[in-house]
Amino acid sequence: MEPGGRQHLQHPGLPAVSAMDLFPDGAFVRLRNRARQTYLHADDDGEGVSLRPHGRVFSLNAVWRVHRVLIEGDTFVLIQGAAYGRYLAIAPGREPSGYRGSRAVQRDYVEANVGAVTWRPFRMVDDERYISLRHDFDRNLRANGRYRIWHTAVTWTVRGFELGSGLPPLPRPTVNIGGCSGLFRRRRPVADEQRTIRHVRANDQGEFDQNSDNWSTFSYYGRSVFNLRVQVGARQLAGEIGDGITLAVRPGLQGRLTPLVTDLPRSVDTMDIVVFNTGSQGAQNLVYPDIP
């Protein structure tokens, strides 16, 4: 039941658990809203979630990885962003007046907020690939808007991606030249915000110290993942510069490692980075979608 008592229909031959077939553990998927014909997108502030059109090239921010968990005998689906590794979650509180439901956001996965990131998929009556995603707080993931009451606003199409053959090269660093100001409207640079980077080195099998309190830290300015790899590499014992190391982000103690191949989110939140030897078994265990 949706809040307000409306019943979602399902095909009698498709029990609710069969929707799990569309969410195999570890798979990469995209979620397209039936009402708006746009895709669920992890915003580059590292917190928000929105709906975006396909674009000329399909964005990594619109790709999500399935993380199944078993809680007290029940299987739940967690939806992890492929860009920044954070999980689709429900924010505490309510939307402003005139909007329905609670706000969907990106969150790290730690035991304290497991209730915010757990979802159950249900198949809809129209077609086997149409689903709704019900949050454990009895809320449906919907294309929100003022006074939207469409049945199709909570209906999503699920499509999968094959696994890629390897990680893509990192984007070259870019400079944010800022906005215009002054009498002659000259460009002025925008000061990069500072965030804390915690990092730890994994062995060739991918094992590392799980306690981030023991990890090394430094302050990092900017969003360039290319520059981040340079700075992390310079802090390794051998002073490694270049593609000899591979970075992965750990989004919370329970979060699955996600290879860091795109520029960092516009956020000052601390990032936990695990450093792998490129080509090692640990690095090869990192997976990436084959985006057409």
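**Aromatic pairs.** I counted four aromatic pairs in this predicted model, where rings of Phe, Tyr and Trp (its six-membered ring) pair if their centres lie within 6.5 Å, with planes under 30 degrees apart taken as stacked, over 60 as edge-to-face and the rest as tilted. Phe208 is buried at 15% relative accessible area, and Trp215 is buried at 6% (buried is under 20%, exposed over 50%, partly exposed in between, with a 1.4 Å probe and protein chains only). I also noted a cluster of Tyr39, Phe58 and Phe161, linked by ring pairs.

**Basis.** The model is predicted, so I kept local features at pLDDT of at least 70 and side-chain atom pairs at pLDDT 80 or more, while totals for chains, interfaces and linings use all residues. Numbering runs from 1 along each chain as its sequence is written, and side-chain values use heavy atoms, without hydrogens and water.

**Charges over rings.** I searched for NZ of Lys or CZ of Arg within 6 Å of a ring centre and within 35 degrees of the ring normal. Arg34 lies over the face of Tyr130, 4.4 Å from the ring centre. Arg134 lies over the face of Phe122, at 5.3 Å.
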